[in-house]
Amino acid sequence: MPGVSLVETLSGVLDAFSSFDATLWAVLVVGVVAGLLVGVLPGLTFVMGVLLLLPLTYGMGAESGVALMLAVYVAGTYGGAITSILLHVPGEPNHVPLLWDGHTMARQGRAAEALGWAAVAALAGGLVSWLVLAFVSEPISRLALNLGQPEYFLVVLIGLTSVLVLTDDSVRRSLMALVVGMLIATVGVDDVYGSVRFSFGSDLLRDGIDYLPVMIGVYAVTHVLVRFGARFAADEEAQPTRVRTVVPGPGAIWRRRGSLTRGVTLGSLIGTVPGAGATVASFLAYGVERQVSRDRHTLGRGNPDGVIAPQAASTATVGGALVPMLVLGIPGSAATAVILGALLLHDVQPGPQIFQTQPELVYTIIAALLVSVLLMFVLGLLTAGPMVRLLRVPEAYVAVLIVLFAYIGAFAIRNTLSDVWIMAGFAVLGLLLERYGFPLAPLVLGAILGPLAERYLTTTLIASDNDPSVFLTRPLSAALLALWVGLVVLLSVRALRASRASRGGAPDHPGQTPGAEPGANPGTDPQHHEENTRA
């Protein structure tokens with residue numbers, strides 16, 4: 001099947017721009033403002049913001065609904081940088097690395113400079129993110145058209161395994177959470193054979209467990225329960241009387257091109273890994289700067305590179321996460337998992353054929369991403385002061401709104417109270433997992449990718465007459481199988497080293513990053529990346 005040329009892609013995006021009406025522009029502005037809000041407020045994350053806005057998209061068209069959630073997603077990767085720098089309050093887990101140099105710069109009287117670098121880094125990461133989505137997704141979709149069921153199964157299997165590779169938590173606990181998530185997905189009617197499984201005679205379970213109520217319960221409601229248990233305690237930080245941002249000039253940006261380039265490159269790559277997301281990219285980008293930055297000995301003491309690289313990486317993950325969601329139907333992050341759910345609710349099936357079956361929708365998404373990035377930069381500069389003052393709102397009031405929207409969203413998915421009960425049950429399960437140190441991301445990813453893995457494996461074995469050698473006789477599937485084996489070996493080696501370290505003495509805290517000033521990291525580690533709702 002012939003591919004879409006660069007000229008055709010640009011023409012499609014320009015046509016999408018010309019088709020934007022006043023409603024779509026208003027949706028994008030509202031989405032960006034909402035994304036900045038959820039990024040600033042410590043009680044919210046941009047994943048929760050996307051989740052809570054899901055009910056509002058039911059009455060919209062697919063284009064407007066996805067544009068709204070995409071704008072929240074993009075702006076949310078930047079909003080928390082403002083409070084991290086000014087108040088030492090990371091609104092998002094991915095903004096924890098900005099505490100170490102950004103807030104240090106603010107204490108040195110360089111807050112305007114730090115805010116400027118964060119804004120420029122977010123803009124650069126967003127623009128690269130747009131380029132990745134616009135010009136990489138279609139070639140990948142053409143490649144995906146050549147994949148068969150065995151290759152799709154191995155791609156999903158690699159996605160599931162990648163979560164375990166990137167985690168800083170116990171591999172054993174992460175694997176247990178992943179298996180629980182996959183088992184959750186087996187409840188209900190089997191997709192291939194139509195048999196009912198694990199319903200225990202309950203009509204509630206017979207219809208299956210949709211992953212959206214699971215996500216809402218595990219992330220949104222669990223977070224409220226955790227914060228309620230802590231009585232919404234938070235450290236008080238004096239608010240600045242005046243907020244000003246100084247955008248660096250071209251010469252200054254050129255001198256920092258190394259950290260900017262490393263950040264956007266790493267973010268774009270990490271974004272394509274299912275379950276990784278902005279926080280993994282942010283922490284890894286900071287870690288890379290600790291190793292290769294020209295001024296690495298000053299990181300943690302007010303070095304702009306410590307702001308540029310993590311922020312650029314955070315925003316650059318957006319495009320990378322959207323690519324596998326659109327062309328493979330595999331979400332690259334929790335936020336894109338919600339967007340995937342919204343597309344399915346509007347009878348849009350992402351996959352390799354989407355450029356042929358829904359080209360207008362794809363080009364609208366690409367155009368909306370670019371507009372969202374530009375609006376994020378402009379509105380982020382203009383609204384930094386009012387956003388900081390919003391922190392005066394008591395977190396308990398925010399928690400009430402979270403629970404309200406969570407219940408509305410869960411009910412509206414299938415218009416049944418069954419999903420509300422499922423959401424409540426998984427909120428309690430999430431609380432128990434948090435209590436005993438189990439990560440939440442593998443559980444949710446298992447619930448999302450588990451059905452895909454089962455379907456592709458079953459259809460592969462049916463087509464090959466139950467011959468597993470099909471994974472070895474096809475060259476591409478054999479290469480993917482070798483990659484998966486390499487990931488398993490890496491996991492085994494790391495688990496063995498961790499076991500030896502635990503026998504030899506207390507291991508280092510998984511969330512501690514070299515060079516972090518004491519007390520700067522409030523317990524957020526890369527595994528709890530953007531899915532973790534702690535701030």
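## Overall make-up

The chain's secondary structure comes to 23 helices and two strands. Both are DSSP runs numbered from the N terminus: helices are H or I with at least four residues, strands are E with at least two. This is a predicted model, in which local features need pLDDT of at least 70 and side-chain atom pairs count only at pLDDT 80 or more, while totals for chains, interfaces and linings use all residues. Residues are numbered from 1 along each chain as its sequence is written, and side-chain values use heavy atoms, with hydrogens and water left out.

Of the 535 residues, 57% count as buried. Buried means under 20% relative accessible area, exposed means over 50%, and partly exposed lies in between (1.4 Å probe, protein chains only). The chain exposes about 21,800 Å², and carbon and sulfur atoms supply 64% of that area. Accessible areas come from the Shrake-Rupley method with a 1.4 Å probe; for residues, only the protein chains shown count as cover.

## Confidence

The average pLDDT of the chain is 79, and 85% of the residues score at least 70. pLDDT is the predictor's confidence in each residue, from 0 to 100. Residues 506–535 stay under 50. For that stretch the model has 87 contacts beyond four places in sequence. A contact means heavy atoms within 4.5 Å.

Take contacts with a separation of 6 or more: residues 24 or more positions apart account for 80% of them. The largest nonpolar core has 149 residues. Such a core is a set of buried Ala, Val, Leu, Ile, Met, Phe, Trp, Tyr and Cys residues joined through side-chain atoms within 4.5 Å. L70, Y73, Y78, M215, Y219 and L369 touch the most other members. Helix 4 (residues 62–87) gives this core its largest share, 17 residues.

Y78 has contacts well along the sequence. Leaving aside neighbours within four places, Y78 touches L36, H95, L115, A118, A119, A122, Q311, M376 and G380.

Helix 3 spans residues 46–53, and eight of its eight residues are buried, so the helix is largely enclosed by the rest of the structure. The buried residues are F46, V47, M48, G49, V50, L51, L52 and L53.

L127 is found in helix 6 (residues 111–144). At 31% relative accessibility, L127 is partly exposed. Not counting residues up to four places away in sequence, L127 touches L370, V373 and L374. L127 and L369 are 242 residues apart along the chain, yet their C-alpha atoms are separated by 8.9 Å.

## Aromatic rings

The structure holds five aromatic pairs. Rings of Phe, Tyr and Trp (its six-membered ring) pair if their centres lie within 6.5 Å; planes under 30 degrees apart count as stacked, over 60 as edge-to-face, and the rest as tilted. F17 and F20 form a tilted pair, at 5.8 Å centre to centre with 55° between the planes. F17 is partly exposed at 25% relative accessible area, whereas F20 is buried at 9%. The ring centres of W130 and F135 lie 6.0 Å apart with planes at 80°, so this pair is edge-to-face. W130 is buried at 13%, and F135 is partly exposed at 27%. F17, F20 and W25 form one aromatic cluster.

## Charges over rings

R257 lies over the face of W254, at 4.1 Å from the ring centre. R435 lies over the face of Y436, at 5.3 Å from the ring centre. The criterion is NZ of Lys or CZ of Arg within 6 Å of the ring centre and within 35 degrees of the ring normal.
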